[in-house]
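Me: I would like to go through this model term by term, asking what stands behind each description. Here it is.

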Amino acid sequence: MLVRVTSEVLDPGEAIAAVASPRAGAINVFLGVVRDNNLGRNVGHLEYEAYESMALKVMRELGEEAMARFGLENVAILHRTGRLEIGETSLLIAISSGHRAESFTGGHWLVDEVKKRVPVWKKEVWDDGEEWIEGPESLGMQKAPPSMVSR
Amino acid sequence: MCIGGAGLAQPAAKPGYNGRVGVTVLLFASLAQAAGTRRLELEWRDGETVGSVCARVIERMPALERFVPNLVFALNEEYADAADPVPRGATVALIPPVSGGS
């Protein structure tokens, strides 16, 4: 299993190589990418911060749980920190499995759990300000920052 | 009240003792920004719990009180409940809602 928290660019090729296995008939790759808008506002760039030691621990636990629960061959979970521009990859997950079905179901579960449980935060920076965006998007629980609510 | 509003039920963290006498508190994201610091050292008190540590941080930095309803806690890098006992030398993290990925 490959888990990493890094300020370096994430390379899908490395994650694919890390999970490749002669027993795997499928490799599924998910990229979480910085988009140029959120909650109706234009985003300039994002800044990610992690509780790195705990993030690695939680990623490893989730990876093990995903492998056991869905019968996966291997998983790679990488999260980037620091300043990310539009279009850059913040989260990279690769999954190998015997057949394609579990690579999709296991991958969907793992992406959602990573977003819920791994202690990583992002700050949106736009032209005239910045705001921490807190709450997992995957659960629809992401809150509009106070500055937007009061508008 | 530091009751850990956001939940995330977890088994109690294993107690650990790393040789320091106090309690280290880690702050992140919006909380660190509001506090102007990422780390506090508190004196350990008898009967210390995650909730009592959180309450003492708020006492020292009242500006953080508005974050409390949305916080979860970690004790020695495991998600923890407010009622979990905090051993001497432990690290408690006050964790705002996480937002990984993009």
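Me: Which residues touch the most other members of the largest nonpolar core?

Reply: In this predicted model, A:Ile93, B:Phe73, B:Val92 and B:Leu94 touch the most other members of that core, which has 66 residues. Helix H2 of chain A, residues 52–70, gives the core its largest share, seven residues.

Me: What makes B:Val50, B:Gly51, B:Val53, B:Cys54 and B:Val57 the buried residues of helix H2 of chain B, and why are they said to line one face of the helix?

Reply: A residue is called buried if 20 or more other C-beta atoms lie within 10 Å of its own, and these five are the residues of H2(B), which spans 50–60, that are classed in this way. Seen down the helix axis, the buried residues fall within an arc of 160 degrees, and therefore they line one face. What covers them includes strands E1 (23–27), E2 (39–42), E3 (72–75), E4 (78–80) and E5 of chain B, whereas the face turned away from the buried side carries the exposed residues B:Glu59 and B:Arg60.

Me: What makes up the side of chain B that touches chain A?

Reply: Here 15 residues of chain B are in contact with 26 residues of chain A. Helix H1 (29–35) and strand E5 (91–95) of chain B each supply at least two residues of that side, which divides into nine nonpolar, five polar and one charged.

How values were computed
Residues are numbered from 1 along each chain as its sequence is written. Chains are lettered from A and ligands numbered from 1 in the order in which they are written. This is a predicted model: local features need pLDDT of at least 70, side-chain atom pairs count only at pLDDT 80 or more; totals for chains, interfaces and linings use all residues. A nonpolar core is a set of buried Ala, Val, Leu, Ile, Met, Phe, Trp, Tyr and Cys residues joined through C-beta atoms within 7 Å. A residue is buried if 20 or more other C-beta atoms lie within 10 Å of its own, exposed if 12 or fewer, and partly exposed in between; C-beta atoms are placed from the backbone. Helices (H or I, at least four residues) and strands (E, at least two) are DSSP runs, numbered from the N terminus. Two residues are in contact if their C-beta atoms, placed from the backbone, lie within 7 Å. Ala, Val, Leu, Ile, Met, Phe, Trp, Tyr, Cys and Pro count as nonpolar, Asp, Glu, Lys and Arg as charged, and the others, Gly among them, as polar. The arc is that of the directions from the helix axis to the C-beta atoms.
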